[in-house]
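Hi everyone, thanks for coming. Let me put the structure up, and then we'll walk through a few spots together.

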Amino acid sequence: MEGTSPPKILLRDLSMTFPGAMNGVPLPVFERVNLRVEEGEFVCIVGPSGCGKTTLLNVIAGFLKTTGGHVLIDGEEVLVPDHRRIFIFQECGVFPWLRVDENVGFGILHSPKENRRRIIRHYVEMVGLTGFEKAYPSELSGGMKQRVEIARALAANPDVLFMDEPFGALDYFTRLRMRAELVSIWEREKKTILFVTHDVEEAMQLADRVVVMSRRPATIRTIIEITLPRPRVLDAQEYIDMRNGIFEAMGLDHSGLGSASDAKKSSD
Amino acid sequence: MRSSLERILLPVGVTSCFIALWHGLVLWSGSTIFPTPVDAFTGIVELMRHGVLLNYIVASLFRVSVGFLLAVLIGIPAGLFVGWFGRAFSAFNPLIQILRPISPIAWIPVAILWFGLSDLAPIFLIFLSSIFPILTATIAAVQNIQLVYLRAARNFHVHGLALFKKIILPATMPQIITGIRLALGIAWLVVVAAEMIAVNSGLGYLIIDARNAGKRYDLVVAGMILIGLIGLILDLAIRKLQQLDEVRWGFQSFAAR
Ligand SMILES: Nc1ncnc2c1ncn2[C@@H]1O[C@H](COP(=O)(O)OP(=O)(O)O)[C@@H](O)[C@H]1O
Ligand SMILES: [Mg+2]
């Protein structure tokens, strides 16, 4: 992971200000973000809710225009979205009018028919949805829908995945399982993953490096490298120390925050 | 979940009570003009014997079909266009909002002036009454398409005609169908009013003629019942649209299963 080869993603002095979002006052969201992500790296971005993580990911993906600085991917400036880099949305972007298999095949509409069918079958199986190919998303649980979106992204064979709190709406145990599945998919498929979350423990379970953002206007507070092998056990003392360090960097009181926020959201 | 017995018994019971109440009230009032349910039923039989009934029903349905289909064919594309392009919306929406609240009944004199006492007058009125619900629903549907769907499509390089076919049309279809259903209901209301004034055939004409020609209120009520039954059948037919696989996701009944 040394910097001799060109980085996969390079953010240079990236800033974003929404012009007059509320009552005409410009809203600076993040400022002077510099980041280097290597090919095949799994990087998590954590920060308090509303600090601009979604906005940052949208800028990197090309959905929003930046107001300062540059995004370079493979050395090229990002101006528009690209099918080599697929975004997985916080609000779930699975099309409710298409069946599971049609959703998964959405990114490969121009592949030859037989090839397309084979790819769909492969990724439906990988995310454990075999037997549900003909179901509509409204017939699936939240976790299954999220897996459809992941399968749709992987089927398009991108080299980068942008994931915006993809497991945020899931219950606690589904979330744990989805994390483990994501790690094994990442180890097999060798994608570069930029994963946004407000959940520090989630970031520590997944990432090679955790980028810690401050409150708005957000800047990178610190970047923490996690070299320990996966799957990771989160009650070891070194993790607890690391987690408290991250909470401090985010500017949050860390007394029992992590597990409390997990328990609060376990609905479904 | 309600049992099927309940689903049949409850409405049959309520309707029977309504008919019994109607019967009782007419007897109690001692009216010789207003018909009992039995009079109304024999009225329907008499109309069928007479031979004009089928012609009248066909005439009404024909006018509704032509005016309504024209509204669908023009309203959906126009609504998609106005909803999708912000500039078109700014340009057309104020005009639509001014024309929309004008009752189709208010247009009857204008329709007679332009089209005379012909089929064209009620067809024009039905077109007018159906196009606004369709336009409004379609415009709102396009504007309500969730940003994630459009972004996901962009992400996979789906643009232009493919975007229209794969995202815009399916995403808006449930709301458009709701608008269509509303429009057909209104069209069926309006055809009766239009036929009372602008033509001399159809179910609306049947009612006004039965009253004017001999105070035959049994035939008036018989006509009303037929209008209600046909309206129900039309609504049941259009509701089938909501059960198509591609749009079921947009309707409550599907989510609640
Ligand atoms: N399109 C927009 N226009 C104006 N302000 C926005 C827009 N999108 C987000 N914001 C504001 O930017 C801030 C950061 O939002 P977001 O990136 O969604 O935060 P996060 O994902 O970290 O919770 C919020 O205060 C939000 O209200
Ligand atoms: Mg967000």
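First, a word on domains: their bounds come from an automatic or database domain assignment. On that basis chain B splits into domain 1 (1-32) and domain 2 (33-255). The C-alpha centres of domain 1 and domain 2 of chain B are 29 Å apart. Across that boundary, seven residues of domain 1 of chain B touch nine residues of domain 2 of chain B, where contact means heavy atoms within 4.5 Å.

Some housekeeping: this is a predicted model, with local features needing pLDDT of at least 70 and side-chain atom pairs pLDDT 80 or more, while totals for chains, interfaces and linings use all residues. Residues are numbered from 1 along each chain as written, chains are lettered from A and ligands numbered from 1 in written order, and side-chain values use heavy atoms, without hydrogens and water.

Now, which residues coordinate the magnesium ion, ligand 2? They are T54(A), through OG1, and Q90(A), through OE1, at 1.9 to 2.6 Å. Donors here are N, O and S atoms within 2.8 Å of the metal (3.2 Å for Na, K and Ca), and water is not among the atoms, so the site may look incomplete. T54(A) sits in helix 1 (residues 53-61) of chain A, and Q90(A), 36 residues away, in the loop between strand 6 (85-88) and helix 2 (100-104). Helices (H or I, at least four residues) and strands (E, at least two) are DSSP runs, numbered from the N terminus.

Buried or exposed? T54(A) is partly exposed at 29% relative accessibility, and Q90(A) is partly exposed at 37%. Buried means under 20% relative accessible area, exposed over 50%, and partly exposed in between, with a 1.4 Å probe and protein chains only.
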